[in-house]
Amino acid sequence: MGSGCVKVTKYFLFLFNLLFLILGAVILGFGIWILADKTSFIAVLQMSSPSLKTGACILIGVGALTMLMGFLGCLGAVNEIRCLLGLYFTCLMLILLTQIAAALVIYFQRETLKVELSDIVVDLIKDYDPLNEDKRNLQDAWDYVQMQISCCGWTGAEEWENNEILRNKSNTEYPCSCSNRSKDLVEGRGFCVLDDPVNSTATYADWPVHEQGCMDGVEQWLKDNLGIILGVCTGVAVVELLGMILSISLCKNIHSEDYTKVPKS
């Protein structure tokens, strides 16, 4: 291959590694966001499930590694250093195989993850107490989820009947974040008083709340955004594959050029 083709390959590989630097920064930022976020559904998982904290730390590590790989790839491409290009190719292959393995684990363990998430939310609802400052961030995060998705409970509003505070008040109050009335959403957290309960008692069917459970809302969100999620994952995989092809191609071409420069005896 001529020197012109080697230069084109080199600069394409350099551009791909700039993308990897950006991608690594995005992954790193996402991992930090998971650990720092206190106002969304991620916070419910992050504060209840140690596995998500571990996952966030892994994302931070992968992001930092990806940025390092991008730097090494740029350095190897510009200076035509074969050992760096070989290391870059190996790391890319390992990351791609790890991503495939992680996707397979999530796919085959999806029912287990669903059960684990259900248990977390059910326990949160049962122990929900607006006066408990220790769990304030976690409870605020769940209130935020219910308001944003317009849902109530994990499978339905009936789960809130297991809350100890509401049971002690004969269900004459209901969670404000579940309400389908705008005046209750101004408060956004805690419990609202039911208007004119019959015989000072009530059930969830008497509450002015959304009927849909948040599980259905989350699943619908995933279905609506499935194309975007798959597109991003596919795009990342394609970039990684192209980076592998360009790096091994440049590595071989550098070797070939070095060989042609050796004087014949």
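Tutor: Gladly! One cut-off first: a residue is called buried when its relative accessible area is under 20%, exposed when it is over 50%, and partly exposed in between. Keep in mind too that this is a predicted model.

Student: Let me try that cut-off. Is C214 buried or exposed?

Tutor: Buried means under 20% relative accessible area. C214 has a relative accessibility of 0%, so C214 counts as buried.

Student: And C83, is that cysteine buried or exposed?

Tutor: The cut-off for exposed is over 50%. With a relative accessible area of 58%, C83 is therefore exposed.

Student: Back to C214, then. Which cysteine does a disulfide join to C214?

Tutor: C214 sits in helix α9, and its partner is in the loop between α6 and α7, so the pair ties together parts that are 63 residues apart in sequence. The S to S distance is 2.0 Å, and the cysteine joined to C214 is C151.

Student: What is the handedness of the disulfide of C151 and C214?

Tutor: Here the torsion about the S-S bond is what to look at. For C151 and C214 it is about 80°, so the disulfide is right-handed.

Student: How many disulfides does a search of the whole structure find?

Tutor: Besides C151 with C214, a disulfide joins C152 to C178, S to S 2.3 Å. C152 lies in the loop between α6 and α7 and C178 in the loop between β1 and α8, so this pair ties together parts 26 residues apart in sequence. C176 and C192 form a disulfide too, with their sulfur atoms 1.9 Å apart. The search of the whole structure finds 3.

Student: Which pattern do the disulfides follow, with bonded cysteines counted along the chain?

Tutor: C151 is joined to C214, C152 to C178, and C176 to C192. Counting the bonded cysteines along the chain, the pattern is 1-6, 2-4, 3-5.

Student: Now the backbone. What is phi of S150, and where does S150 lie?

Tutor: Most residues other than glycine have a negative phi. S150, in the loop between α6 and α7, has a positive value instead, and its phi is near 60°.

Student: N171 also has a positive phi. Is N171 buried or exposed?

Tutor: N171 has its place in the loop between α7 and β1, with phi near 60°. Its relative accessibility is 11%, so N171 counts as buried.

Student: Which element supplies the largest share of the largest nonpolar core?

Tutor: This core has 26 residues, and W142, W154, W160, W207 and V209 have the most contacts inside it. Among the elements, α5, α6, β2 and α9 each supply at least two residues. The largest share, 4 residues, comes from α5.

Student: Which residues make the nonpolar surface patch of about 630 Å²?

Tutor: One member, F108, is found in helix α4 and is exposed, with a relative accessible area of 61%. The patch is made by M93, L97, I100, L104, Y107 and F108.

Student: Which residues does UniProt list for "transmembrane region"?

Tutor: Two of the listed spans can be checked against the model. Residues 85-108 are 100% helix, with end C-alpha atoms 35 Å apart, and residues 228-251 are also 100% helix, with end C-alpha atoms 34 Å apart. The unreviewed UniProt entry lists residues 12-36, 56-78, 85-108 and 228-251.

Notes
Residues numbered from 1 in each chain as written. Predicted model: local features only at pLDDT ≥ 70, side-chain atom pairs only at ≥ 80, totals over all residues. Heavy atoms only, no water. UniProt positions renumbered as here; feature names shortened; annotations may be inferred. Core = buried A, V, L, I, M, F, W, Y, C linked by side-chain atoms within 4.5 Å. Buried < 20%, exposed > 50% of the residue type's maximum accessible area, 1.4 Å probe, protein only. Patch = residues over 30% accessible without salt bridge, like charges linked within 9 Å, V, L, I, M, F, W, Y side chains within 5 Å. Areas by Shrake-Rupley, 256 points an atom, 1.4 Å probe, with all protein chains shown as cover. Salt bridge = Lys/Arg side-chain N within 4 Å of Asp/Glu carboxyl O. Disulfide = S-S within 2.5 Å.
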